[in-house]
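Biologist: Before we discuss the fold, please show me the sequence and the structure.

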Amino acid sequence: PIIARIVPCSHPAVIDNLCAVCGTSTLRKLGGAYKPPASNTMSNVTVSGGITMKLSGQEAKSFSNQYLDRLQKDKKLSLVLDIDHTLVHATADPRASKYDSREDVRTLL
């Protein structure tokens, strides 16, 4: 019978090139220098204190779901008030443009 299985860490959360789960450096030696791995599957998230960490897509979704569940359990709302639409207009993220034409988004000026 199998008692345990050892699975290598997938480094789902990275802070300053260190895995937040196992503590291993995520830098890879390429040529003669150490460089971070390509992070096209990681999302940057800024947490308390202005610390930016990278989360895998699965970890980011889990983090978001836990946050949403906690807000709903505590019966709290998360409100973003962007009076002059700086958040919507100051980003190159194509997802932001869909908020310009939403029925529940009002322009007061």
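Modeller: Two strands pair if DSSP finds at least two bridges between them, and helices (H or I, at least four residues) and strands (E, at least two) are DSSP runs, numbered from the N terminus. This is a predicted model, in which local features need pLDDT of at least 70 and side-chain atom pairs count only at pLDDT 80 or more, while totals for chains, interfaces and linings use all residues. Residues are numbered from 1 along each chain as its sequence is written, and side-chain values use heavy atoms, with hydrogens and water left out.

Biologist: Which residue in S6 is the bridge partner of Val14?

Modeller: Strand S1 covers residues 13-15 and runs antiparallel to S6, to which 2 bridges join it. Within S6, Val14 has as its bridge partner Lys54.

Biologist: In what order do the strands of the open sheet lie?

Modeller: The edge strands, each pairing on one side only, are S2 (18-19) and S5 (42-47). The open sheet has 4 strands with antiparallel pairing, and their order is S2-S1-S6-S5.

Biologist: How many bridges join S5 to S6?

Modeller: Ser43 stands opposite Leu55 in S6, Val45 has Met53 as its bridge partner there, and Val47 is partnered with Ile51. Strand S6 spans residues 51-56 and runs antiparallel to S5, and the number of bridges joining the two is 6.

Biologist: Which residue in the hairpin of S5 and S6 takes a positive phi?

Modeller: The hairpin has 3 residues between its strands. The positive phi, near 85°, belongs to Gly49.

Biologist: Which residues make up the largest nonpolar core?

Modeller: A nonpolar core is a set of buried Ala, Val, Leu, Ile, Met, Phe, Trp, Tyr and Cys residues joined through side-chain atoms within 4.5 Å. Val45 touches Ile51, Thr52, Met53 and Leu55, not counting residues up to four places away in sequence. The largest nonpolar core has 5 residues in all, namely Ala13, Val45, Met53, Leu55 and Ala60.

Biologist: How many disulfides does the count come to?

Modeller: A disulfide is a pair of cysteine sulfur atoms within 2.5 Å. The sulfur of Cys9 lies 3.6 Å from its closest cysteine sulfur, in Cys19, which is too far for a bond. Cys9 counts as partly exposed at 30% relative accessibility, whereas Cys19 counts as buried at 4%. By this rule the number of disulfides is 0.

Biologist: How far apart are the end C-alpha atoms of helix H1?

Modeller: The expected span of a helix is 1.5 Å times one less than its number of residues. Helix H1 has 17 residues (57-73) and should therefore span 24 Å, which agrees with the separation of its end C-alpha atoms, 24 Å.

Note on methods
Buried means under 20% relative accessible area, exposed over 50%, partly exposed in between (1.4 Å probe, protein chains only). Contact means heavy atoms within 4.5 Å.
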